[in-house]
Structure formats: structure tokens, C-alpha cells
Amino acid sequence: MLENILKNKSIFIFDLDGTLIDSVGIWNKIDQKLIQDLGHIVVPENIINLDRDRIIGASTSGSPYDDYVSYLNDKYKMNKSIGELADYRVYLMNEILKHEVSVRPYAVELIELLRELGMTLILATTTTRRNLATYCNENPDTQRLDFENNFSLILSMEDVTFFKPNPEIFNKVVELMHIDRKKVIIIEDSIVGIKAANAAGIASIAVAEKHSSKSTDELKKCANVYIDSLGEIYEVLSKNLVKKAKKPEK
């Protein structure tokens with residue numbers, strides 16, 4: 001099934017958080033610390049993760065993260081302004097993103113292989129440009145993805161009005177790159193990302209992520225293919241590369 005879905009695909013759109021880098025748990029850790037420091041209660045990370053996906057995914061405003069912070073403020077009675085909460089969240093985030101976020105297994109190898117195969121790579125993420133700059137310039141492990149040289153287009157939170165599951169970010173990729181949707185595959189780890197891919201009419205692969213385990217059944221239903229690791233894509237494409245190398249000249 002995976003090999004079939006990859007046939008005739010020449011454009012790969014990747015999500016970032018949870019897909020190429022192991023960062024979803026970091027956001028849970030940041031928000032858990034925020035709630036503990038200002039709301040004076042310890043909330044399990046799985047509850048935080050589900051709440052964040054739900055609030056951001058349902059947001060129809062131009063500031064989904066402000067909606068999420070407002071939700072935390074109300075739910076945990078923090079009695080702070082949105083600006084104060086957002087600033088404190090950024091403070092907690094900075095050092096963690098520099099030192100605790102790592103690349104997911106096979107991410108670097110897969111990106112290098114795709115480039116070798118002549119594929120077009122695109123990053124479509126709802127993380128901020130500020131976070132991307134940290135991953136590009138200040139985190140030694142995520143720097144190995146070599147974002148600037150490997151991706152033909154990078155879209156971040158600031159480039160869209162609506163977040164996934166709204167398909168805006170994927171539709172924008174199609175418009176900017178003038179590409180045929182039939183040649184595109186989207187690789188995501190979250191249900192909101194897969195739903196956005198479906199809404200954009202583009203085939204998708206869902207890669208397992210430990211913090212999205214409660215959504216596994218839904219991911220399997222919504223995605224064209226569900227895989228346990230990026231290594232599965234790497235293995236299929238490596239075989240194709242070997243076949244191509246062995247093909248005799250006419």
C-alpha cells in the first residue's frame with residue numbers, strides 16, 4: 001500500500017512538529033510548566049495535548065495560539081492578560097527548543113534520499129518563523145535537516161490565516177508552486193494535518209507519533225496510509241533507487 005501511494009509522486013510536503021522533529025512532547029512540557037506555575041495545578045501531558053489540538057484546530061480567528069492561551073487562562077483561572085501568558089510561554093520555550101528538541105529517526109536520511117532522487121521538498125508547518133529560526137540556527141540536532149537548502153518552499157504560521165484542519169496552507173503551496181495535486185504526497189503526524197490534506201484533495205501518509213496515540217484509529221481511517229516510522233518510506237524509496245541504478249542504458 002505504501003509503495004503504491006508513493007508511485008508517481010515527485011513533490012513531498014512535510015509537516016514539522018511531530019513529523020520531522022520530536023517536538024510535540026516539548027510543547028506539552030512547556031504548557032504543563034505554564035499551567036503549574038500560573039494555575040497552580042499539575043495537568044497530565046496527554047490532556048494538555050488533546051486540549052491544544054482541539055482548541056487550535058477549531059479556531060476560526062487569525063490568532064489560534066491566542067485563542068489557546070485564552071482558553072488556558074480561563075480554564076485554570078490564571079488571571080493574567082493574554083500578553084502576559086504569551087510572553088511567559090515564550091520564556092519557557094526558548095531554552096527548551098534550543099537544547100531538547102531532536103530530529104525524528106530517519107528524518108535526515110529520508111530528506112537526503114529524496115533530494116538524491118530529485119524530488120521537490122516543501123515544509124508546511126504551523127510553527128512560527130521564530131521557532132524555525134531556532135531550529136535552523138541554534139539547535140545543533142535540528143540543523144542537520146538543513147532547511148534552507150533542502151526545502152524549495154517553507155510556509156509557517158505567519159503565512160496563513162487559518163490553521164489545520166483548514167486546508168489553506170496546502171492550497172497555498174499548490175498555488176505558489178503551480179503543481180499538480182496528483183503528484184503530491186503530504187506527510188503528517190496529527191489528525192488535524194491529515195484532515196487538512198483530505199480537504200485539499202491531496203494524498204497523505206500519517207506517521208505514528210507517541211503523543212498522538214489516542215488519535216491512532218482516526219488517523220488510520222483518514223490517511224491514505226499509516227506508518228510507524230519514516231524509515232518505512234526510506235526503505236521503499238531506497239529500493240527504487242537501487243532499481244534505477246541497475247537499470248541498463250538503452
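User: How much space lies in the largest pocket?

Analyst: About 340 Å³. Keep in mind that this is a predicted model.

User: Thanks. Which residues are closest to the centre of that pocket?

Analyst: Tyr65, Arg89, Val90, Thr128 and Met157 are the closest, out of 16 residues that line the largest pocket. Helix H4 (64-75), helix H5 (82-99) and helix H7 (129-137) are the elements that give two or more residues to this lining.

User: And how does the lining of the largest pocket divide into nonpolar, polar and charged?

Analyst: There are 8 nonpolar, 5 polar and 3 charged residues in the lining of the largest pocket.

User: Which residues lie nearest the centre of the largest cavity?

Analyst: Asp17, Asp53, Tyr65, Thr126 and Ser190 do, among 21 lining residues. H3 gives the most to that lining, with 5 residues. By type, the lining of the largest cavity has 6 nonpolar, 7 polar and 8 charged residues.

User: Which element gives the largest share of the lining of the second largest cavity?

Analyst: H3 does, with 3 residues. The residues lining the second largest cavity include Asn49, Asp53, Ser190 and His211. That lining divides into 3 nonpolar, 5 polar and 2 charged residues.

User: Switching to packing: at what angle do H3 and H4 pack?

Analyst: Helix H3 (residues 45-58) and H4 pack at about 130°, and their axes are 9 Å apart. H3 and H4 are therefore oblique to each other, and the crossing is right-handed. On the H3 side the contact includes Ile48, Asp51 and Arg52, while H4 brings Pro64, Tyr65 and Asp67, among others. The contact of H3 with H4 has 7 nonpolar, no polar and 5 charged residues.

User: Nice. And how do H2 and H5 cross?

Analyst: Helix H2 (residues 24-39) and H5 cross at roughly 135°, with axes that come within 10 Å. That makes H2 oblique to H5, and this crossing is right-handed.

User: Which residues make the contact?

Analyst: From H2 they include Trp27, Ile30 and Leu34, and from H5 they include Leu85, Tyr88 and Arg89. The contact of H2 with H5 divides into 11 nonpolar, no polar and 4 charged residues.

Notes. Residues numbered from 1 in each chain as written. Predicted model: local features only at pLDDT ≥ 70, side-chain atom pairs only at ≥ 80, totals over all residues. Heavy atoms only, no water. 1 Å grid on protein atoms, 1.4 Å probe; cavity = no way out; pocket = protein on both sides within 12 Å on 5 of 7 lines; lining within 4 Å. Points joined across faces, edges and corners; volume = space filled by probe spheres on them. Helix = DSSP H or I, 4+ residues; strand = E, 2+ residues; numbered from the N terminus. Nonpolar A, V, L, I, M, F, W, Y, C, P; charged D, E, K, R; others polar. Axes fitted to C-alpha atoms, helices over the stretch in contact; angles between N-to-C directions. Parallel < 35°, antiparallel > 145°, perpendicular 65-115°, else oblique. Left-handed = near helix turned anticlockwise from the far one by under 90°. Contact = heavy atoms within 4.5 Å.
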